[in-house]
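Me: Could you walk me through a few features of this protein model, one step at a time?

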Amino acid sequence: MTKTIFEKTVNNISTKPLFKKTEKYDGEFKRVSKLNIPEVSEIEVMRHYKELSDKNFCIEKGFYPLGSCTMKYNPRVNEEVVNYEGYLNLHPNQPDEDCQGALCVMYKLQEAIKIITGMDAVTLQPMAGAHGELTGMMIIKKYFEKNNENRKKVIIPDSAHGTNPASATMAGFNVVEIKSNEKGLVDIEELKKVVDKDTAAIMMTNPNTLGLFEEEILEISDIMHKNGSLLYYDGANLNAIMGFTNPRVMGFDVVHINLHKTFSTPHGGGGPGAGPVAVVSKLAEFLPVPLIEKSGEKYIRNYDRKHSIGKVGAFFGNFSVLLRAYTYILMLGKNLKQVSCDAVLNANYLKEKLKKYYKPAYETKSMHEFVLTCENLHDKNITTLKIAKRLMDFDIHPPTVYFPLIIHEAMMIEPTETESKEVLDNFINVMIKIMNEVELCPENFDDYPKTTNVRKIDEVLAARKPDLRYKNE
Ligand SMILES: *Cc1c(COP(=O)(O)O)cnc(C)c1O
């Protein structure tokens with residue numbers, strides 16, 4: 001690949017340190033020698049970044065069935081709203097009366113989340129799903145403290161998302177894991193064995209990371225509540241149930257949702273996101289400050305809350321993500337239910353079509369995602385990773401692999417609701433083609449992918465000694 005003028009200029013410069021000892025100053029701080037920075041035209045800079053972005057894979061380029069991540073199309077109207085000048089130029093420290101519009105949006109988003117989750121009060125402050133989990137668990141902690149109870153144990157099924165045990169531990173709880181039964185669901189008998197007076201809560205992902213709905217959820221909530229314990233719902237992937245049911249109906253007390261998944265914000269690479277937390281009324285007093293409230297005709301930020309856990313982030317959360325989510329909710333209204341219909345339909349369509357060729361971890365009907373296993377291909381020296389790498393040669397982003405941990409050689413597929421039947425059929429055909437290659441020439445799989453900018457990498461070296469500088473060979 002030829003170097004662009006930008007790279008030549010930048011590379012020449014960057015071999016020398018930017019602030020050399022030889023630079024001349026006027027005796028104090030003002031530099032009198034010329035600043036040693038690259039001089040390139042605007043269009044060269046633009047081409048440089050365009051070329052970089054072309055090397056990347058994104059939802060705008062192709063199918064991205066990354067299980068548990070909901071990599072779906074994010075409507076462009078969201079971006080238009082986010083760029084309205086009135087929102088763009090707001091400063092978070094402006095007084096309430098100067099930002100009524102923004103506060104109104106946040107208030108109404110809180111109200112919408114109450115309807116969607118069935119809960120009584122909402123904070124928009126947490127900036128990611130895991131951050132919402134931590135906030136929720138801190139609220140649970142504070143609830144027991146106020147009741148003069150020192151419950152230390154949090155039960156987490158082995159099919160929960162990996163962030164759950166981390167969040168519970170950070171909030172100061174001891175995590176007890178329970179194993180799933182042969183159906184991939186919470187084993188009620190196992191649960192009964194570990195529930196005791198030290199149990200503060202159970203943290204559940206529902207549908208769990210196997211893509212399965214917890215059929216005995218009402219019995220589970222009954223067991224917990226009878227014990228004085230609370231139920232935490234990881235609702236990061238609400239596109240499985242939205243509009244059909246909600247965590248409140250299932251008996252949960254706290255839920256976080258990922259606006260950057262279900263409610264459409266481009267995400268990946270660490271942000272930005274938003275993980276609002278919704279709670280039942282008895283936990284509302286512990287929510288972080290400020291809450292956005294309505295006082296007469298005015299919207300206000302209320303900091304005056306005696307039992308609040310305090311602040312969990314600077315200002316009020318990632319406002320632009322909140323704005324996108326609110327736009328998305330207003331656009332769809334009651335059709336949010338259709339989102340869930342299509343997400344579940346697409347996942348089950350793929351699963352049914354693929355199960356002749358790949359082994360599903362569980363045969364039962366899935367929700368918005370499902371898990372396959374390539375365990376049975378070991379005798380051909382084929383692993384899930386090799387299948388995933390081969391998919392890249394067909395311009396398809398690999399699904400999530402080796403997660404959930406409880407399935408050997410797992411491949412977790414989430415097509416999302418925004419893909420057409422044609423895209424799904426193409427994926428099915430590619431997966432069948434790859435399985436034919438596995439039968440005919442498994443040895444070729446050591447060399448895939450063949451067509452990507454970066455070929456097969458040494459994953460261990462990459463993890464141990466990351467070299468993050470951009471190099472142009
Ligand atoms: C994505 C996800 C999370 C974590 O969300 P982040 O925004 O990445 O912190 C937690 N639980 C589930 C089920 C998820 O899918």
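Reply: Happy to! Buried means under 20% relative accessible area. Keep in mind that this is a predicted model.

Me: Which kind of aromatic pair do tyrosine 143 and phenylalanine 144 form?

Reply: A pair of aromatic rings is described by the distance of the centres and the angle of the planes. For tyrosine 143 and phenylalanine 144, the centres are 5.0 Å apart and there are 75° between the planes. Planes over 60 degrees apart count as edge-to-face, so this pair is edge-to-face.

Me: Why is the pair of phenylalanine 445 and tyrosine 448 edge-to-face?

Reply: Phenylalanine 445 and tyrosine 448 are both buried. Their ring centres lie 5.1 Å apart. The pair is edge-to-face because the planes of the two rings stand at 75°.

Me: How many residues of helix 12 are buried?

Reply: Helix 12 covers residues 384–392 and is mostly covered. Among its buried residues are Ile387, Ala388 and Leu391. What covers them includes strand 13 (410–413) and helix 13 (421–440). The count for helix 12 is 7 of its 9 residues.

Me: Which ring does lysine 337 lie over?

Reply: A charge sits over a ring only within 6 Å of the ring centre, with a limit on the angle too. Lysine 337 is at 4.8 Å from the ring centre. The ring it lies over belongs to phenylalanine 244.

Note on methods. Residues numbered from 1 in each chain as written. Predicted model: local features only at pLDDT ≥ 70, side-chain atom pairs only at ≥ 80, totals over all residues. Heavy atoms only, no water. Buried < 20%, exposed > 50% of the residue type's maximum accessible area, 1.4 Å probe, protein only. Helix = DSSP H or I, 4+ residues; strand = E, 2+ residues; numbered from the N terminus. Contact = heavy atoms within 4.5 Å. Phe/Tyr/Trp six-rings, centres within 6.5 Å; stacked < 30°, edge-to-face > 60°. Lys NZ or Arg CZ within 6 Å of the ring centre and 35° of its normal.
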